[in-house]
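Here are some quick notes to read alongside the model, which is a predicted one. Have it open while you go through them.

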Amino acid sequence: MRYPQSRENKGLRSQLALPARALRQVFQAGALMLATMAAAQATDIFANTDSCYVDGIDEKVRCGSVTVPENPNKPDGRKIDIQYVILPAIKNAEPGKALLGIAGGPGQSAIESAGYFDKLLTKTRQFRDILLIDQRGTGSSNILACDNMSPVDALAINDEAQDMVALTKECMDAQNADITQYGSLNAVTDFEAVRKAIGYEQLDVYGISYGTRMAQLYMRQYPETTATVTLDGVVPMQQNLIYIGDAIARATEIMLSDCEQNQACNQAFPELRAELETVSDHLAREPLQTQVNDPVAGEMTDLTLTRSKFLSAIRMALYAPNTRSLLPYAISQAAKGNYQPILGLYALTTDGAGIAMGMHASVVCGEDIPFVDEKAAEVANRTFVGGEMLRALSEICTIWQVPPVSVDFHQPVTSDIPTLLLSGEMDPATPPSWAELAKVQLTNAEHIVSPYAGHGTASQTCAHGLIATLVKDGSLENLDTECMERDTSRSFYLNANTVEPLANASNEE
């Protein structure tokens, strides 16, 4: 048990000897001086930025960019602009510090996720600037987009029959970039260039999903400027992203088991496991072709439902408790021939999660696919989703050729920087065991597992408060983790409207 330390009052006695009025004047003068210094420092920080609006935030924030060589080994060659946004602290006591929020993917834009980061880090923003950088190849930092891989008619096309080689060639032809320069190592160098250009002395770092890989690289390469680190949904350096197929299977099994052990869910969907297998097997033999209401536009549209689309809908729904709670009903309805509920969940995937697929390929083809050994391939091929992912990425990487990173890249990070690792027990992408791998050589780290969270623990639990405490104290010592044990589970929907059984009614639409 930790006890609060007694205050040291030795130095206070001589001050108390002063008259009360003089003492107040001293304090007031000191406070004014500190406030003036803080304002001057803040002005310096924002000197090279502009006032701007970004999506998801009503107030004006600060925007800027830093020009860097596309190829760091050719400093006089082609240049690209790395765009960033600063969400200014409400009351900034330390203008020389900021929290760097790193998006996932790989391929998501941090700036386009500004509203998400602002909400997630509200407590931290009370006293600390939030710095968001569009990683090279994403958002507004020379994006490597592949719009042809996220078609507008996603419902109608047969995604399993697509020629990935041809699509990748088409995407590559559209790029105005040296695609070999958009991996994680160059990007972390960009992050440091942005820090220096703004003038921050130190960064607290928060990364989510793939962003945790970037956070680990930053703390490895720039330990002296890293104050604290939070890894949320951890991708350890030594883990290949292709293992995600196993993680999906694990989370699916937990969902099925939870329904079987829940009396109301099991009574409503007694054959759920068999129904999932039946629909999957049927779609494997022949995709369903029909017309449905577009879950976004609300208009009748053609649908080609493949096994890949069906299982992708399940996978994405597993990310968060509110969508996970809909899965038993949606799966059962699909087995009965009503595909509208599962399509509502599939709509979560049709924009590609905002991922710049070219940048995604530059990362995965240099950092993951070259290191898929026999064991990794065997694990991937245990499941349909894992096998399809390996097949598609392998085909993409035959065209999207980038040099592999060195073997040292995948060594675990060794550090004594205060590091908080967050996992959700139900995570279908980065299970808790991955965080344990990342933690193996972190000597000042704490790993907290939420029993009820999926992917992105801080947004689904009280962990956002723990992050604020870590950043404010610069230490793990005062984290009150008891709130992480609170039961925040979501009841399964038993019909289209409620989590309660309907009297004298079936669970069908």
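**Notes on a helix pair and some aromatic rings**

1. Start with helix H10 (residues 272-285) and helix H13 (residues 327-335): their axes come within 9 Å and cross at roughly 55°. As for handedness, H10 passes H13 in a left-handed crossing.

2. Who touches whom here? On the H10 side you'll find Leu 272, Glu 275, Leu 276 and Val 279, and they meet Pro 328, Ile 331, Ser 332, Ala 334 and Ala 335 of H13.

3. Now the rings. The count comes to 3 aromatic pairs. One of them is Phe 117 with Tyr 206, an edge-to-face pair at 6.4 Å centre to centre with 85° between the planes. Phe 117 sits in helix H3 (residues 114-120) and Tyr 206 in strand S6 (residues 202-208), so this pair ties together parts that are 89 residues apart in sequence. Both Phe 117 and Tyr 206 are buried.

4. Have a look at Tyr 218 and Tyr 222 too: they form a tilted aromatic pair, 5.2 Å centre to centre and 45° between the planes. Tyr 218 is buried, as is Tyr 222.

5. Back to Phe 117 for a moment: ring pairs link Tyr 116, Phe 117 and Tyr 206 into a cluster.

Conventions. Residues numbered from 1 in each chain as written. Predicted model: local features only at pLDDT ≥ 70, side-chain atom pairs only at ≥ 80, totals over all residues. Heavy atoms only, no water. Axes fitted to C-alpha atoms, helices over the stretch in contact; angles between N-to-C directions. Helix = DSSP H or I, 4+ residues; strand = E, 2+ residues; numbered from the N terminus. Left-handed = near helix turned anticlockwise from the far one by under 90°. Contact = heavy atoms within 4.5 Å. Phe/Tyr/Trp six-rings, centres within 6.5 Å; stacked < 30°, edge-to-face > 60°. Buried < 20%, exposed > 50% of the residue type's maximum accessible area, 1.4 Å probe, protein only.
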